[in-house]
Amino acid sequence: MNFSLQGIRGSLNTDLTSRLRRYAVGFTSISNVDDVVKSVSCTPEPSFKFKSRKLVYGEILIKDTQIRCYHGRKGNDQSFGLKPPKREKFVKRDNKTQPPVDAPYVPPKPQRTTKAMPDKTIEIFEGMTIDELAKRTGQSISTLQTILTNVGEKVGSEFDTLSIDIAELVAMEVGVNVRRLHSNEGTEILPRPPVVTVMGHVDHGKTSLLDALRQTSVAAKEAGGITQHVGAFVVGMTSGASITFLDTPGHAAFSAMRARGAAVTDIVVLVVAADDGVMPQTLEAMAHAKAAKVPIVVAINKCDKPAANAEKVRLQLASEGLLLEDMGGDVQVVEVSAMKKTGLDNLEDALLLQAEMMDLKARIDGPAQAYVVEARLDRGKGPLVTAIVKAGTLICGKYVVVGSEWGRIRAIRDMAGKSTERATPAMPVEIEGLKGLPRAGDDIIVVESEERARMLSAGRKRKFEKDRLMKIMDGRVEDPETEPSDEAPKRVELPIIVKGDVQGTVQAVTDALGSLNSPQVFVNVVHVGVGSLSQSDVDMAQACGACIIGFNIKAPPSSISLDASRANIKIMQHRVIYHLLEDIGNFIVEKAPGTTETKVAGEAEVLSIFELKGRSKSKGPDVKIAGCRVVDGFVTKSATLRLLRSGEVVFEGSCESLKREKQDVDTVKKGSECGLVIQNCYDFQVGDMVQCLQQVIRKPKFISSESGAVRIEC
């Protein structure tokens with residue numbers, strides 16, 4: 001024990017000497033150190049009470065020694081209250097001499113790192129300041145000033161005013177949608193004709209009613225006798241007033257066209273057949289009108305038919321929430337007949353009365369605001385846009401931006417084909433001179449110069465492409481919470497190229513194709529276009545393995561058809577939307593992989609049991625043969641057999657042998673007797689039932705409702 005304390009004393013002397021020399025004051029000799037050591041070793045408790053100047057340094061010494069551990073000899077730490085650190089168990093590493101395990105590469109699943117931000121829409125106007133634009137977009141003023149510098153604008157104070165075009169360009173750069181506001185201060189506001197949209201169910205006589213109003217025959221020119229385009233024209237009434245009419249298709253596939261018609265209109269004429277009543281597209285038209293906050297005038301057509309029942313139609317409309325005048329509401333109801341041309345004067349009076357109550361006025365001077373109703377591609381004239389002017393005056397020769405396209409108006413023609421220099425509010429016109437084909441529903445704005453038109457068009461194209469890619473990514477990225485199961489069928493991608501006569505029908509066909517998506521087939525529209533088929537369409541279809549759909553277009557030249565047939569490219573051309581959707585639906589069903597199901601192909605009853613014993617080793621072990629009679633369907637040798645006893649499954653296995661009249665057969669039909677052996681099954685009893693199980697592939701079904709809506713049911 002003395003030897004142990006002496007060793008500790010020696011180690012403390014050495015360490016304390018170096019430590020006190022580090023402090024450089026107080027202790028100057030070894031004797032002072034010995035005094036401190038003696039006080040430490042003799043005191044039972046670590047409490048130091050010095051009366052000299054050494055007290056300060058003794059406290060410093062104690063504080064420092066509490067941090068550091070002193071080890072006099074190995075293994076005696078615990079006797080002084082010190083806990084040595086625990087040693088981890090040494091684990092020997094495995095030698096990496098073993099060959100790597102061959103495992104299939106599983107690519108990581110693409111996951112959405114951040115949620116897509118909802119589209120933000122702000123209102124902009126002429127003369128707004130940078131500070132106000134920054135508040136509405138949620139961006140800093142310095143960020144907007146940097147964007148203004150990049151687009152070539154002079155940046156001064158944050159209270160500098162911006163033109164409405166530059167404000168839209170800056171907003172698009174920060175990823176914000178805009179809605180333009182135009183002030184009517186200091187402009188001339190005059191009454192304008194009403195814009196009336198005719199809506200209703202398919203084959204209820206909408207186009208025939210308009211033909212009766214303007215003494216034409218448009219319905220006879222439509223393929224299949226149904227309207228598949230949006231028509232705009234001005235009808236002069238007998239009273240001298242004029243009304244701008246929009247005719248919309250009634251088929252379920254043209255829902256977007258009806259929505260565009262309701263967005264630009266002042267009054268909606270809801271046509272309902274007296275012999276058919278309220279139908280799905282009738283309710284949809286009512287919903288579009290209510291969403292656009294547009295008044296409705298009901299026209300009950302086909303009142304001359306024997307099965308007409310106008311009162312029943314009134315009750316149906318009232319039950320759907322439409323307040324009719326006959327029942328104390330404000331919705332006018334007129335009974336007409338397009339074939340007999342009766343009730344047309346009453347319809348005209350109802351429309352003019354509704355327009356007078358609305359007091360429709362518009363700005364006449366200043367830059368025009370217009371709305372694209374339809375767009376098509378003409379071989380000689382290029383892109384042609386059918387538009388309705390909402391405010392201002394559209395003048396020939398001005399630079400315009402239509403959606404993401406721009407151009408200089410080369411010609412303006414009314415719906416009769418006559419050229420004019422200007423178009424006033426509520427006037428439907430056809431515009432020529434754009435560089436590209438816009439989409440139906442785009443707004444037309446007039447800009448100052450070609451440079452401004454190019455800049456605004458380029459900005460809109462960038463934003464449109466960005467939004468399109470984001471939508472594709474959102475559609476392709478799977479939800480991480482839903483894990484695909486192994487039993488789920490494989491989904492096949494079907495690329496399709498759509499070509500149509502006008503932009504509106506192309507969009508209608510594209511929307512209808514989107515409704516045909518199913519868990520087994522993903523319809524991917526890789527390209528859409530307006531005009532006839534070209535060689536580039538065939539090359540694109542060959543590159544991506546797509547089929548081509550042509551709607552209301554001319555037949556391609558023989559050279560293009562020959563190239564398509566050589567490349568095994570399917571071309572589907574139709575002029576009626578019914579036939580097109582039916583053909584596409586059947587094609588999708590054909591391409592679908594289907595789901596595998598187990599089906600009971602036949603049943604056989606066990607009549608007797610035979611047992612073969614004592615066979616040689618070459619022939620195998622003993623077997624039990626079930627003598628059966630097929631009571632339903634058929635039994636095949638390649639199928640799986642299930643043994644049932646009192647309705648419960650006893651055994652299930654493959655068929656090892658199937659014989660009829662001592663001869664091996666592949667199939668035994670209903671009413672015949674046979675002998676069968678189930679592999680590894682030795683428990684047969686008389687009266688058991690043997691089911692023949694067959695694996696079948698069930699394809700999805702193409703379903704078309706009476707209203708024209710289509711879907712794929714798996």
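Q: Why is Cys 681 called buried?
A: The relative accessible area of Cys 681 is 3%. Buried means under 20% relative accessible area, exposed over 50%, and partly exposed in between, with a 1.4 Å probe and protein chains only. Cys 681 is therefore classed as buried.

Q: What kind of model is this, and which atoms do the side-chain values use?
A: This is a predicted model, in which local features need pLDDT of at least 70 and side-chain atom pairs count only at pLDDT 80 or more, while totals for chains, interfaces and linings use all residues. Residues are numbered from 1 along each chain as its sequence is written, and side-chain values use heavy atoms, with hydrogens and water left out.

Q: How many disulfides does the rule give?
A: A disulfide is a pair of cysteine sulfur atoms within 2.5 Å. By this rule the count is zero. For Cys 674, the nearest cysteine sulfur belongs to Cys 628 and is 5.4 Å away, and Cys 674 is in no disulfide.

Q: What makes Cys 674 count as buried or exposed?
A: Its relative accessible area is 7%, so Cys 674 is buried.

Q: How many helices and strands does the protein chain have, and what percentage of its residues is buried?
A: The protein chain has 16 helices and 35 strands. Helices (H or I, at least four residues) and strands (E, at least two) are DSSP runs, numbered from the N terminus. Of the 714 residues, 42% are buried.

Q: Among contacts between residues at least 6 apart in sequence, what percentage joins residues at least 24 apart?
A: In the protein chain, the value is 69%. Contact means heavy atoms within 4.5 Å.

Q: Why are helix 5 and helix 6 described as roughly perpendicular?
A: The axes of helix 5 (residues 141-150) and helix 6 (residues 164-173) come within 10 Å and cross at roughly 115°. Axes are lines fitted to C-alpha atoms, for helices over the stretch in contact, and angles run from 0 to 180 degrees between N-to-C directions. Angles under 35 degrees count as roughly parallel, over 145 as roughly antiparallel, 65 to 115 as roughly perpendicular and the rest as oblique. Helix 5 is therefore roughly perpendicular to helix 6.

Q: Which residues make the contact of helix 5 with helix 6?
A: Helix 5 contributes Leu 144, Ile 147 and Leu 148, and helix 6 contributes Ile 166, Val 170 and Glu 173. These residues divide into five nonpolar, no polar and one charged. Ala, Val, Leu, Ile, Met, Phe, Trp, Tyr, Cys and Pro count as nonpolar, Asp, Glu, Lys and Arg as charged, and the others, Gly among them, as polar.

Q: Where is Ala 134 found, and what makes it buried?
A: Ala 134 is found in helix 4. With 6% relative accessibility, Ala 134 counts as buried. Leaving out residues up to four places away in sequence, Ala 134 touches Gln 139, Ser 140, Ile 141 and Leu 144. The C-alpha atoms of Ala 134 and Leu 144 are separated by 7.0 Å, the two residues being ten apart along the chain.

Q: How do you know whether Asp 131 is buried or exposed?
A: Asp 131 has 17% relative accessibility and so counts as buried. Asp 131 belongs to helix 4 (residues 130-137). Residues up to four places away in sequence not counted, Asp 131 touches Ile 141, Glu 158 and Phe 159.

Q: Why is Glu 611 called partly exposed?
A: Its relative accessibility is 44%, so Glu 611 counts as partly exposed. Glu 611 lies in strand 26 (residues 595-612). Neighbours within four places in sequence aside, Glu 611 is in contact with Val 623 and Lys 624.

Q: What makes Ile 553 buried, and where does Ile 553 lie?
A: Ile 553 has 14% relative accessibility and therefore counts as buried. Ile 553 lies in the loop between strand 24 and helix 15. Ile 553 and Gly 500 are 53 residues apart in sequence, yet 6.0 Å apart in space, C-alpha to C-alpha.
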